[in-house]
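Thanks for asking me to look over this one with you.

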Amino acid sequence: IQAVKEVADFQRPRRGGEHDVPGRGVDLGVLADDVQGRGRRHGGCVLMISRVCSVFLMAVYGLFLYFQSKMHADLFVDGNEEEAGADTLSWPLSLVLLASCTAVVALCSEALIGSIEDVSKIYGLPKAFIGVILLPIVGNAAEHATAV
């Protein structure tokens, strides 16, 4: 309840009675207020909203996995059942492959994140633009290429 009251404070008019975005709810506007510094006193509220959303998303994902694997497994069975058992990986090999792929992705991510500062200075782009616009486009470049 306290978190909702604090978020409602963002709805109150600022600077001469105007709203930043009229009629906004608990959305990106709340996060923008916090990033811009006006919502520093509400930082705990935004953090709580973020944590509640992340727990909710994890629960929905868990329910999806349960639905897919237990409740309606027959809906997700591939038509080529006879070929399925031939090529399988052992558990140790699967774990080694997973760990090595995770390490490679972590190294690439560190290199990418480390270059943001330099790119921002060289090209004069704000870090927020790079993080919100460019990184998702670059991160999904393979999916974009295959979709076209």
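**Notes on the helices**

1. Let me begin where two helices meet: Leu112, Ile113 and Gly114 of α4 are in contact with Ile116, Glu117 and Asp118 of α5. Sorted by class, the residues of this contact are 3 nonpolar, 1 polar and 2 charged. Please keep in mind throughout that this is a predicted model.

2. How are α4 and α5 oriented relative to each other? Helix α4 covers residues 91-114, and its axis crosses that of α5 at roughly 30°, coming within 4 Å. Angles under 35 degrees count as roughly parallel, and therefore α4 and α5 are described as roughly parallel to each other.

3. The next pair looks like this. Helix α5 (residues 116-123) packs against helix α6 (residues 127-139) at an angle of about 110°, and their axes are 10 Å apart. The range from 65 to 115 degrees is called roughly perpendicular, so α5 is roughly perpendicular to α6. The crossing of α5 past α6 is right-handed.

4. Which residues make the contact between α5 and α6? From α5 come Ile116, Glu117, Val119 and Ser120, while α6 supplies Lys127, Ile130 and Leu135. By class, there are 4 nonpolar residues, 1 polar and 2 charged in this contact.

5. Ser120 deserves a look of its own. This serine is part of helix α5. Is Ser120 buried or exposed? Its relative accessibility is 12%, and because buried means under 20%, Ser120 counts as buried. Beyond its neighbours within four places in sequence, Ser120 has contacts with Leu125, Pro126, Lys127 and Ile130.

6. Lys127 has a relative accessible area of 45%, so it falls in the partly exposed class. Setting aside residues up to four places away in sequence, Lys127 touches Ile116, Glu117 and Ser120. Lys127 and Ile116 are 11 residues apart along the chain, and their C-alpha atoms are separated by 7.2 Å.

7. Now for the chain as a whole. What elements does the chain contain? There are 7 helices and 0 strands, and reading along the sequence gives the pattern α-α-α-α-α-α-α. Of the 148 residues, 10% are buried. Among contacts between residues at least 6 apart in sequence, 20% join residues at least 24 apart.

8. A last word on confidence. The pLDDT averages 75 over the chain, and 65% of the residues score at least 70. Over residues 16-27, the pLDDT is below 50, and this stretch has 17 contacts in the model beyond near neighbours in sequence.

Key: Residues numbered from 1 in each chain as written. Predicted model: local features only at pLDDT ≥ 70, side-chain atom pairs only at ≥ 80, totals over all residues. Heavy atoms only, no water. pLDDT = per-residue confidence, 0-100. Contact = heavy atoms within 4.5 Å. Axes fitted to C-alpha atoms, helices over the stretch in contact; angles between N-to-C directions. Parallel < 35°, antiparallel > 145°, perpendicular 65-115°, else oblique. Left-handed = near helix turned anticlockwise from the far one by under 90°. Nonpolar A, V, L, I, M, F, W, Y, C, P; charged D, E, K, R; others polar. Buried < 20%, exposed > 50% of the residue type's maximum accessible area, 1.4 Å probe, protein only.
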